[in-house]
Every structure is written in structure tokens, then in C-alpha cells.
Amino acid sequence: MNFEVVIGLEVHAQLSTESKMFCACSSDYQEAEPNTVVCPVCMGMPGVLPVINRRAVEHVIRTGLALGCEISSYTKFDRKNYPYPDLMKGYQISQYDLPIASNGSMPIEVDGVRRSAGITRVHLEEDVAKLMHRTEEFGEGYSLLDVNRAGVPLMEVVGEPDLRSPEEARAYLVQLHSILHVRPVGQVELGTKVEIKNMNSYRSVFRALEYEAERQIEVVRSGRRIVQETRGWDEEESVTFSQRIKEGASDYRYFPEPDLPPLRISPEWVTEVQASIPELPHTRKNRFVHQLGLPEYDAGLLTASQSTADYFEAVLTAAPSGPDLSGQFAKAISNWMLGEMARLLNQSGQHISDVRIEPAQVAELQTMVDDSTLSSTMAKTVFEKMFETGLPPRKIAEFEGLVQISDTDAVQTAVLEAIAANPDPVQDYLAGKQQAMGFLVGQVMKATRGKANPRMASQMVREHLEAMR
Ligand SMILES: [Zn+2]
């Protein structure tokens, strides 16, 4: 009997708003002392009222739009009830039957095969407090509670069970991650931080899914039944283990949150949020391939990070004689970005946003290669110095004595090529027609785009012709 793997993922992403979901506490709790970023609302004191964070709602609308979802004009919050020490109020404010966004899809690609994975819904909820379990050496275990995280806005992206292999699940997560990290136009910090519950890397997710697929096939083969449950991933043992038999929705006794009014999302608000969404990574990748003629591989790497893609496009726009969108220039700049730039960033542990080189300087450097002022080897040396100093390429080339006009080898090559390609003028010269030499020197100047020293060029042409007598 053959089995097909069916995977649907639920991904939680913490939203980087300034304040928490329902109170004025700061969302920036990571570095804070435990239980210092709290107030009566997020500590679940009786008699206090929550207030909806508008920015958090906008983040979810934006994500929903980016995932091609419908945005509900009427949505509400619900109480999800369950007793656990990390829940200060005894319930979590979440969204049950009317999520902000639903019915979307996301393109994924595995081994060159493109498919679309359905997105069931995107909803908003609040994060819970953090429990830390400690064990005394000779005593009993105990738990510590840090409320700082309670009430931080959390977005949940629920995917359809459309994924058919751990590879597809990984592609889904990478793609979702790149969409969630797209910053709204004009915003400097990252939009969201993705947290994969209990699994700290794509690799863990991948291995857990592989393990789970095999385990379930074994269970079915042996004639047993698969129970609906929540399983955890043990990184060290590389196994999943049962944590609790899964509660159905009815176990949570969801009911509409009585302390919050229903939320109406006007078409104007949706339009406004839509306008703040920059081009998405996969759309941008396609544009790089079709508009600029870049190979898929280059386009994929460049658009994997928004700042890298932004920098790359800034270089094209800053070309010395106006924006250059030709395939040749784009490929040359892509080579700089994925080659020397990536290498030097990696080596120095810097991010593209720290780079001292102005995009216009990279464009200038490439034009110096194109017009033969610099050989490609020289250009690499210049690039490295630009990376270190932030100085313009021309200044570095002059200072280092790297300008090609004094490079006799390059002129020599052009002279030999001109002689080889023009046997008739060569014969004319050897037969006594002095002016034929002028034509050959002209060919050398043309081949070097006027950058060869004319005197050096004619001297070399004469030497070579005389040597042929
Ligand atoms: Zn608070």
C-alpha cells in the first residue's frame, strides 16, 4: 500500500507593534526584567477593559492581502477558555468564527515545480505568559512565571492541508517568512517576527515532519488508529512524542468577547493598508527574470532579502548616464551583489544595510569595467577597497594606479586582434601604403572604446607590422 503525506501548517508570528494587543504596555519585553512590562490589563485583573491595537489589526490586514485573502468587513474577538498557569485571565482573547482574513493562497516552488498552497485564515490573538520550569538539585521541581509576554499581539496563519512532502512544507515556511518580513513602505523596523512553536529552525520542522510521516505510516500498517493529539518534537532524540490528546473546539467553550465591540473594517481602510504593501518577493523575483532578463537563480537570491533587492535596484537606477535596465548591466550588477558583496559581507559579519559603498559607486565601478578603464580583476581589487573605505571607485583606481590606460597588455591584445582581423589593410601597409596603419590604429581605439593611449596604440601597431616584413 502506498501512502501520501498530507501536511497543513499553523504558523504563529509575533507582531512588532509598539504596544501590546489590548493595553498600553510596551511590546518590547525581550530584554526586560521578568514581570516589569505589565499592567492590570495584561495581568488579568478584574474590572479592567481591553482596547484593540489598531496597528496590530493593520498588520493582519496587510498579511491577509499579501496572501491573497478576503478581508472581512465585520470581524470580532472571542474568548478561548482553558485553564493553564500561562493564561493570566483564564482565557485567551482570540478570533473564532470571524477571522480578519480568509481564503488566500501562496505560491511555493520545489525543484522548479510551482504550486499554490491554500491559506485558510489569518487571525489575531494575544500571546500568553512564559513559564520556566526549574528543578532543585535535592528538592522538587517548580515553575517561574514571567508575564511580560502576555498580551503581545500574535498573528496565526492557518494553511490548508495542501502540502505533500516535508520539502513542500519547508518551501512554504521560507516563502511565508519572506512575505512576513516585507516591511510596509516607509517603515524601518521589520514587520513581524516568526516563531515556530517548539521548533527552532526550518531543519527541525523538516526532520519532525519526516519522522512523523514515517511514524504514521507505521501506525496504519500495523492496523492501529491514529489519534488526534498534540505532539512535541524532541530535538536531541529526533523523535516526536505525545503531549496531550487534542482538544476539539468545543473543549475551549469559545464565546464572543463581551468586553470588546465587534470590529468593522471599512473598504477605505483596506485600500489604505493595500497602498502600504511593497512589491512582494515572488512578484519581484518574476519581474527581475522578465524585465531584467536575470537567471531564476540570481533573481531568487537577490529577492530573498528585501534590503538586498532594494540595494540592487538602487544600483541600476544610479547608473552614471541614467537608469540602466539592460540585461547585460543587470547581470553584471547581480554578479557584484552575489559575488564580491556577499563574500565581503559574510567575511566581515555585516548586513547589507551597514555597507559603506553607495549604490551609485557600484554602478560607476561597473561602467569603468564596461569602458575598459578597469579590467575585471582590477575592479575586484577596487571593490574591496570601496568596501573598506567607502571612497568612490575612480579615486581608488587613480590612487592605486589601476587605470587601464597604462595597461600595455590590454592594448597589445587589441593590436594583435586588429591585425589578425584585417589582413587586407595589413597587406596594403606592407606594400607601402602608410595610411593603412591609421585604419588599424582606429580599430584598436574602437575595441578599447577610446581608452587606449593613442600613442601607445600606434607605436605597437607599427612595431608589429614592421616585424611582419
Ligand atoms: Zn499591559
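By buried I mean under 20% relative accessible area, by exposed over 50%, and by partly exposed anything in between, using a 1.4 Å probe and protein chains only. The structure before us is a predicted model, in which local features need pLDDT of at least 70 and side-chain atom pairs count only at pLDDT 80 or more, while totals for chains, interfaces and linings use all residues. Residues are numbered from 1 along each chain as its sequence is written, and side-chain values use heavy atoms, with hydrogens and water left out.

I begin with the overall form. The protein has 15 helices and 15 strands, taken as DSSP runs numbered from the N terminus (helices are H or I with at least four residues, strands E with at least two). Its radius of gyration, taken over C-alpha atoms, is 31 Å, well over the 23 Å that the globule rule gives for 469 residues, so the protein is more spread out than a compact globule. That rule is 2.2 Å times the number of residues to the power 0.38. Along the principal axes, the C-alpha trace spans about 105 × 55 × 55 Å. Buried residues account for 45% of the 469.

I turn now to salt bridges. The term denotes a side-chain nitrogen of Lys or Arg within 4 Å of a carboxyl oxygen of Asp or Glu. By this rule there are 27 of them. In one, the side chains of Arg231 and Glu212 meet at 3.5 Å, N to O. Arg231 lies in strand S12 (residues 229–234) and Glu212 in helix H3, so this pair ties together parts 19 residues apart in sequence. Arg231 is partly exposed at 25% relative accessible area, whereas Glu212, at 14%, is buried.

Helix H3 (residues 202–221) also holds Val205, which is buried at 5% relative accessibility.

A second bridge joins Lys285 and Glu296, with their closest N and O atoms 3.3 Å apart. Because Lys285 sits in helix H5 (residues 281–292) and Glu296 in helix H6 (residues 296–303), the pair links parts 11 residues apart in sequence. Lys285 is buried at 16%; Glu296 is partly exposed at 36%.

Elsewhere, salt bridges that share partners join Glu279, Arg284, Arg287, Asp310 and Glu313 into one network.

Lys20 is found in the loop between strand S1 (10–15) and helix H1 (54–66).
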